[in-house]
Amino acid sequence: MTAPTAEFPPSTTGLPGSPDLLRSVFRQHAAGVAVITAADPAGRPVGFTATSLNSVSAEPPLLSFTLGTGSSSWPVIRDSTHLGVHILGEHQRELAGLFARSGADRFGPGTERVEGPHGVPVLSGVLAWLVCRVVARVPAGEHRVIIAEAVAGDPASGPAGEARPLLYHQGRFNALRD
């Protein structure tokens, strides 16, 4: 006699592919939180929160992220040769929320920044930052995958003792737990 076995996975057919399915599955995926910045030709800064940041290659030092073409930041990112990538710490939930909100004054009085290499706005107090040269913008549905090469940065620019990254999981910004 054979012992009954639990079926795993519960369904081998799954659900049909859809935007809702993709969103539901990726709510289970914890991602690091970054803010991407750039400046228009007049020097006005733009920026947005990204959870799609990925390391692509160490040689050359490439990374990627995605941005919707309907985003208010898209026209400047589309035309920029250089941009900033900022890794946020768990102490920066409010900053992540600010850069994620549509219509927010992202570079108002509460957002500290300096002009970095190539005129890119570099945010203060982040865990680490890079200035990157854009090497490709790849169409992907209503988004573009931006591939960029690191040209300058600081791997440990955050405040002392604030070395824990901010995460995005289940539609919320979260702290890393041990």
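Let me start with E90, which at 24% relative accessibility counts as partly exposed, a class that lies between buried, under 20% relative accessible area, and exposed, over 50%, as found with a 1.4 Å probe and protein chains only. Before I go on, please keep in mind that this is a predicted model, in which local features need pLDDT of at least 70 and side-chain atom pairs count only at pLDDT 80 or more, while totals for chains, interfaces and linings use all residues. Residues are numbered from 1 along each chain as its sequence is written, and side-chain values use heavy atoms, with hydrogens and water left out.

Where is E90 found? It sits in the loop between β6 and α3, where helices (H or I, at least four residues) and strands (E, at least two) are DSSP runs numbered from the N terminus. If we set aside the neighbours within four places in sequence, E90 is in contact, meaning heavy atoms within 4.5 Å, with R164, P165, L166, A175 and L176. For one of these, L166, the C-alpha atom is 4.0 Å from that of E90, although the two residues are 76 apart in sequence.

Side chains of opposite charge can pair when their charged atoms come close. The rule used here asks for a side-chain nitrogen of Lys or Arg within 4 Å of a carboxyl oxygen of Asp or Glu, and by this rule the count comes to five salt bridges. In one of them the side chains of R164 and E90 meet, with 3.6 Å from N to O. R164 lies in the loop between β10 (143-154) and β11, whereas E90 lies in the loop between β6 (82-87) and α3 (93-100), so this pair ties together parts that are 74 residues apart in sequence. R164, at 29% relative accessibility, is partly exposed.

A further salt bridge is formed by R133 and E149, whose closest N and O atoms are 2.6 Å apart. This pair, too, links distant parts of the chain, with R133 in strand β9 (residues 128-140) and E149 in strand β10, 16 residues apart. R133 has a relative accessible area of 34% and is partly exposed.

Rings of Phe, Tyr and Trp (its six-membered ring) pair if their centres lie within 6.5 Å, and planes under 30 degrees apart count as stacked, over 60 as edge-to-face and the rest as tilted. A search of the whole structure finds three such pairs. Among them is the tilted pair of F48 and F65, at 5.9 Å centre to centre and with 50° between the planes.

Finally, a few words on the backbone. A cis peptide bond joins E59 and P60, with omega at about 0°, and P60 is placed in the loop between β4 (54-57) and β5 (62-68). Which residues other than glycine have a positive phi? One of them is H118, with phi of about 60°, placed in the loop between β7 (113-115) and β8 (121-123) and exposed, with a relative accessible area of 55%. Another is Q170, whose phi is near 55°; this residue is found in the loop between β11 (166-169) and β12 (172-175), and is partly exposed, at 38%.
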